[in-house]
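The stops below go from the whole chain to single residues.

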Amino acid sequence: MDIGPPDVLERKGALTLRSHCVQYGRPTLMYRWHQNREAEPKDYDINEVPLGSKNLCQSTYSRFGTMDGTWITTYQDHLSQPYTNKGYREIEIRKSMLNEDNFEDSVIYRETGLPKRGVGAVLPRHPSDHFQMYLDTTYSIDYVPPYDYTPYVGAQPDGYSVVHRKCHSQFTDTADYRRCGINTWQDESGIYANVDIKQRVFPVTNPIPSNVHEDNF
């Protein structure tokens with residue numbers, strides 16, 4: 001793109017003139033010219049002093065401000081924050097009329113002419129069924145028995161649920177991921193953990209009824 005003469009970006013009076021070491025007059029507007037205007041007025045402008053008479057020990061400003069008071073250091077300012085900052089002040093905590101010490105001596109249930117619960121009550125309270133649990137299943141609600149009856153649950157012997165438990169077979173389940181015992185060899189003894197319970201629950205009986213005579217055979 002043709003932007004004109006090659007020195008247009010560094011020509012005097014152009015806002016794109018970048019010069020951080022050379023000072024131009026006020027009519028010349030250069031890059032960041034407004035920063036010099038914001039720093040004015042200066043008590044000692046080193047750029048206005050001719051070369052050879054510049055004093056680098058002289059500060060640009062003779063004073064820091066017009067604040068009336070004693071100057072303090074940053075360390076003193078931080079240490080005085082508990083006295084000047086409102087966030088460090090001690091807050092007066094209002095104590096409640098009832099606490100765990102005088103709760104037993106208070107008269108809470110008294111006639112006020114207002115309902116004890118709900119809208120208009122003096123003290124908020126939970127409803128009477130607040131802790132009620134609804135454990136009904138969808139099946140028991142949809143399939144209601146046609147008449148009232150009491151399910152019969154007989155007394156079960158000890159270990160009745162263990163009797164019907166399918167144990168890990170020592171013959172057909174020898175190659176699966178379940179390995180019982182502490183040894184690494186296959187145990188094919190055929191003795192299971194619920195053998196004793198099965199013998200008590202299901203004792204050995206005679207399959208031939210006692211009322212059948214041997215003469216019939």
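## Whole chain

Read along the sequence, the protein chain runs α-α-α-α-α-α. That is six helices and zero strands, where helices (H or I, at least four residues) and strands (E, at least two) are DSSP runs numbered from the N terminus. This is a predicted model, in which local features need pLDDT of at least 70 and side-chain atom pairs count only at pLDDT 80 or more, while totals for chains, interfaces and linings use all residues. Residues are numbered from 1 along each chain as its sequence is written, and side-chain values use heavy atoms, with hydrogens and water left out.

Colour the chain by accessibility. Of its 217 residues, 6% count as buried; buried means under 20% relative accessible area, exposed over 50%, and partly exposed in between (1.4 Å probe, protein chains only). The protein chain exposes about 21,600 Å², with carbon and sulfur atoms supplying 55% of that area. Accessible areas come from the Shrake-Rupley method with a 1.4 Å probe, and for residues only the protein chains shown count as cover.

Turn to contacts, meaning heavy atoms within 4.5 Å. Among contacts in the protein chain with a separation of 6 or more, 17% are between residues 24 or more positions apart.

Select Arg26 and Glu40. They form a salt bridge, and their closest N and O atoms are 2.6 Å apart. The pair links distant parts of the chain, 14 residues apart: Arg26 is in the segment before helix H1 (33-38), and Glu40 is in the loop between H1 and helix H2 (74-79). The structure holds one salt bridge, defined as a side-chain nitrogen of Lys or Arg within 4 Å of a carboxyl oxygen of Asp or Glu. Glu40 is partly exposed, at 37% relative accessibility.

Step on to Pro41, in the loop between H1 and H2. Which kind of peptide bond joins Glu40 and Pro41? The bond is cis, with omega about 0°.

## The loop between H3 and H4

Select Met97, Leu98 and Phe103. Together they form a nonpolar surface patch with about 360 Å² of accessible area. Patches are made of residues with over 30% relative accessible area and no salt bridge; like charges are joined within 9 Å, nonpolar side chains (Val, Leu, Ile, Met, Phe, Trp, Tyr) within 5 Å. Phe103 lies in the loop between helix H3 (81-84) and helix H4 (138-142). Its relative accessible area is 45%, so Phe103 counts as partly exposed.

Finish at Pro115, in the loop between H3 and H4. Pro115 is partly exposed, at 41% relative accessible area. Leaving out residues up to four places away in sequence, Pro115 touches Gly120, Ala121 and Val122.
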